[in-house]
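User: Got a model open here and I'd like to go through its contacts with you. Can we start with the charged side chains?

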Amino acid sequence: MLFLNSAFEAKHPNHREELYLGPSQPGSSYKYGPVSNGTVGRRPTLIEPERLKDFGVEELLNGDVKVHETKVAMAPEVVLMDPPKTRRVSEFRMIPRPPAQYLRFEDISAAAFRIQSGIQKTPCTYSRLSKQYGMEIYLKKEHLHYTGSVKERGVLYLLTSLTQEQQRMGVIVATDCNFSMAVAHHAVDLKIPVFVIMPSSCSSPRLRIYRDYGAMVISYGSTGRDSQNHACHLARENGYLYLEEDENAAYLAGLGTVGMEIYEQVPKLEAVVIPAAGQYGLLAGTAAAIKHLDSRILVIGVEPEDFPLLLQSLKTNGPIKDMHSNPNKKLYGDLMEHSLGVNTFQLAKKLVDKVITVSEEDSLVAMLRFQEFERSTVDTEGAMGLAAILAGQLPELKGKKVAVVVSSANMELEVVRQCMDRALVLDNRISKFSVQLGEWPGDMAKLLDVLTREDVRLLDVCHRRHSDKSELFKAKVECVVETRDKMQSAHLRKTLSERYPSICWLDR
């Protein structure tokens, strides 16, 4: 950079102009070069003298250039260190990455946020049965959903997770179950075309339910297998997405939102009892949420005694594909259509603390308790969690705060009536007996008078005078009576046995 001092030139006109390059001259009192107008000037650009020609300075100054010979001191030579010894990959200790979790709590949280506008938050209320069984029982009433099933949670999140192209093409189902009903209802709400293929054996009331939801119902074939094959064919030909209940991650995440709600609704929770009949996704998803929020909470799964798929799989350390059993299809309709998946089995094995089974009789009695104490009608699957407590199979929960998931309430009215009649018999509330009476006038009236004094309800009576097994001059009388509870039933049996030695109590 060229510095000019006009004041100095005025005083010394004959002084020859010099070009200062590089650092200031020796003896200069300024570190950054000469002073201009009382301030320190800019630090000059470091340019080597030999490179002046590159900048055209020689032509600019008409050759009047003074070059200072400058000895440039070279920097000390940098000696590089030897490179480190290269090690083979095999010499390093390989740390395997942990496998990705199939169902994370973040997935369940995302599902809860996504479905909150389409799924109601079901109540979890204190049960009047708590004092009777020595524990605080809270019933998570998932049967109050629009379709009467907890599966709405998983289905809604599954449908909203589909791509726009899949939603535009539509979905198709071919099994009469809680899952299909949830698909029909929520697909219509989401403006997704939904097709339901049902066999001709499906009852008319059930088909009417699907039509009321807004689904396109097609009756095809005589068996469920026929309708499923036809549904798969239609899906391939028309681009529909065939849906059936499986261990889809989105479906399990939606079901897991039950666990989040229970944890929020029941403070200081100590145990959760979950039905697992045909709903292993509910058990796995709820357990994943509960164990993440508090690993100390016990998670207990309940299966029917006639179809212990998960219990047998845990014993063999692997999911069983086929169970050689024949459960009652009217009571456990969803069981025969499902199998236990590998991922669901692994989640249950890792997170579920205990798996037990309950008998058909215990489930029917639990349905009766729901009618009497909770004023609600549930099916056998929904009642299995409470049935395990009523049957005394969970003594370790005495004195603890327990939540019981009531999963569903989809059962035809005629089947419900038969179940209630059977449950009254199993609970010793309805008794049937036969007794031989003489043909003397007033014998029948005396029997009815005894029943009236015992304050029992006479449901049916049959007077047979001509019976092969009756003695001569004797008549056989069969009665069906209803009592308030077991104590009254026991007192009635004692009274009648003392009065009529020939009485025969018919087995249940």
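User: Which residues are linked in a network of salt bridges?
Analyst: K140, E142, R153 and E261. A salt bridge here is a side-chain nitrogen of Lys or Arg within 4 Å of a carboxyl oxygen of Asp or Glu.

User: What should I know about the model and the numbering?
Analyst: The model is predicted: local features need pLDDT of at least 70, side-chain atom pairs count only at pLDDT 80 or more, and totals for chains, interfaces and linings use all residues. Residues are numbered from 1 along each chain as its sequence is written, and side-chain values use heavy atoms, with hydrogens and water left out.

User: How many salt bridges does a search of the whole structure find?
Analyst: The search finds 23. One of them joins K354 to E396, with the closest N and O atoms 2.9 Å apart.

User: Where do K354 and E396 lie?
Analyst: K354 is in strand β11 (residues 354–358), and E396 is in the loop between α15 (380–390) and β12 (401–406). So the pair ties together parts that are 42 residues apart in sequence. Helices (H or I, at least four residues) and strands (E, at least two) are DSSP runs, numbered from the N terminus.

User: What is the relative accessible area of K354?
Analyst: It is 30%, so K354 is partly exposed. E396 is partly exposed too, at 31%. The cut-offs: buried is under 20% relative accessible area, exposed is over 50%, partly exposed is in between (1.4 Å probe, protein chains only).

User: What does E482 form a salt bridge with?
Analyst: With R457; the closest N and O atoms are 3.4 Å apart. E482 sits in strand β15 (residues 474–482) and R457 in strand β14 (residues 457–464), 25 residues apart. R457 is exposed, at 53% relative accessible area.

User: And E478 with K476: buried or exposed?
Analyst: Both are buried. They form a salt bridge, with the closest N and O atoms 3.7 Å apart.

User: Switching to strands. What does β13 pair with over nine bridges?
Analyst: With β15, in the antiparallel sense. Two strands pair if DSSP finds at least two bridges between them. F433 stands opposite C479 in β15. Two bridges also join β13 to strand β16 (residues 504–505), again antiparallel. There, S434 has C504 as its bridge partner.

User: How many residues of β13 are buried?
Analyst: Seven of nine; the strand spans residues 430–438. For helix α15, eleven of eleven residues are buried. G392 follows α15, with a positive phi near 75°.

User: What is the order of the open sheet of four strands?
Analyst: β7-β6-β5-β8, with parallel pairing. The edge strands are β7 (216–219) and β8 (241–242), each pairing on one side only. Strand β6 (residues 194–198) and β7 share four bridges. I197 stands opposite I218 in β7.

User: Last one. At what angle do α3 and α10 pack?
Analyst: About 90°, with the axes 8 Å apart; α3 is residues 105–115 and α10 is residues 249–265. That makes α3 roughly perpendicular to α10 (65 to 115 degrees; under 35 is roughly parallel, over 145 roughly antiparallel, the rest oblique). Axes are lines fitted to C-alpha atoms, for helices over the stretch in contact, and angles run from 0 to 180 degrees between N-to-C directions.

User: Which residues make the contact?
Analyst: F105, D107, I108, S109, A111, A112 and I115 of α3, against A253, G254, G256, T257 and M260 of α10. Contact means heavy atoms within 4.5 Å.
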